[in-house]
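Welcome! Here is a short tour for anyone meeting this chain for the first time. Please keep the sequence and the 3D view at hand as you read.

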Amino acid sequence: MERFDIGLLMFAGTLVVIALRMKVAPEVPPRLRGDPARIGQVLINLCANAVKFTAHAYVEVLVRSEASADGSPLLRFEVRDTGIGISA
C-alpha cells in the first residue's frame, strides 16, 4: 500500500500532534467516477471524530478496491485510530 503521513493537525483551534496515515492499496484504480466532495465530507467527519478521542499515536485511513456485484470497482474506506474506543 502507498502510505502518506502528516504529523500536525489543527482541531477545534488546538494543535494536535498525531500521525494521520493514509494507505492506498495498489489495486485501487487511479481514476474513478463519483462524487469527490461527498467522499471528502464523509472522510473529514470520520477523521475528525477519530482525532477527538486520540491523544497520541495515529489516525489511519485505508483505501481498498473490492469487486461489486456488477464487476465495477467499489472502494472501501476504513478509518482506524489509537483512541479510547467504545466499550462493548
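**The chain at a glance**

Read along the sequence, the chain follows the pattern β-β-α-β-β. That makes 1 helix and 4 strands, where helices (H or I, at least four residues) and strands (E, at least two) are DSSP runs numbered from the N terminus. This is a predicted model, in which local features need pLDDT of at least 70 and side-chain atom pairs count only at pLDDT 80 or more, while totals for chains, interfaces and linings use all residues. Residues are numbered from 1 along each chain as its sequence is written, and side-chain values use heavy atoms, with hydrogens and water left out.

**Surface and contacts overall**

- Of the 88 residues of the chain, 22% count as buried; buried means under 20% relative accessible area, exposed over 50%, and partly exposed in between (1.4 Å probe, protein chains only).
- The chain exposes about 6,400 Å², and carbon and sulfur atoms supply 58% of that area. Accessible areas come from the Shrake-Rupley method with a 1.4 Å probe, and for residues only the protein chains shown count as cover.
- Taking contacts between residues at least 6 apart in sequence, 48% join residues at least 24 apart; contact means heavy atoms within 4.5 Å.

**Helix H1**

- H1 covers residues 36-52, which is 17 residues, and reaches 24 Å from its first C-alpha to its last, close to the 24 Å expected at 1.5 Å a residue. The expected span is 1.5 Å times one less than the number of residues.
- Which residues of H1 are buried? They are Leu 43, Cys 47, Ala 50 and Val 51. These residues lie on the same side of H1 because they cover an arc of only 95° around the axis, the arc being that of the directions from the helix axis to the C-beta atoms.
- On the face of H1 turned away from its buried side, you will find the exposed residues Ala 37 and Arg 38.
- Asp 35 caps the N-terminal end of H1, with a side-chain oxygen 3.2 Å from the backbone nitrogen of Ala 37.
- Val 42 also belongs to H1, and Val 42 counts as partly exposed at 42% relative accessibility. Val 42 and Phe 77 are 35 residues apart in sequence, with their C-alpha atoms 10.0 Å apart in space.

**Strands E3 and E4**

- Strand E3 (residues 58-67) and strand E4 (residues 73-81) pair in the antiparallel sense over 9 bridges; two strands pair if DSSP finds at least two bridges between them.
- Glu 60 stands opposite Arg 80 in E4, and Val 63 has Phe 77 in E4 as its bridge partner.
- The hairpin of E3 and E4 has 5 residues between the strands, and there Gly 71 takes a positive phi near 90°.
- The side chains of Glu 78 and Arg 76 are joined by a polar contact of 2.9 Å. A polar contact is a pair of N or O atoms within 3.5 Å; within protein, one must be able to donate a hydrogen and the other to accept it, and residues adjacent in sequence count only if both atoms are side-chain atoms.
- Not counting residues up to four places away in sequence, Glu 78 touches Glu 60, Val 61, Leu 62 and Arg 64.

- Pro 29 sits in the loop between strand E2 (14-24) and H1, and Pro 29 is partly exposed, with a relative accessible area of 25%.
- Setting aside residues up to four places away in sequence, Pro 29 touches Ser 65 and Pro 73. The C-alpha atoms of Pro 29 and Ser 65 are separated by 7.8 Å, although the two residues are 36 residues apart along the chain.
- Leu 32 lies in the loop between E2 and H1, and Leu 32 is partly exposed at 43% relative accessible area.
- Beyond its neighbours within four places in sequence, Leu 32 is in contact with Pro 73 and Leu 75. Leu 32 and Leu 74 are 42 residues apart in sequence and 9.6 Å apart in space, C-alpha to C-alpha.
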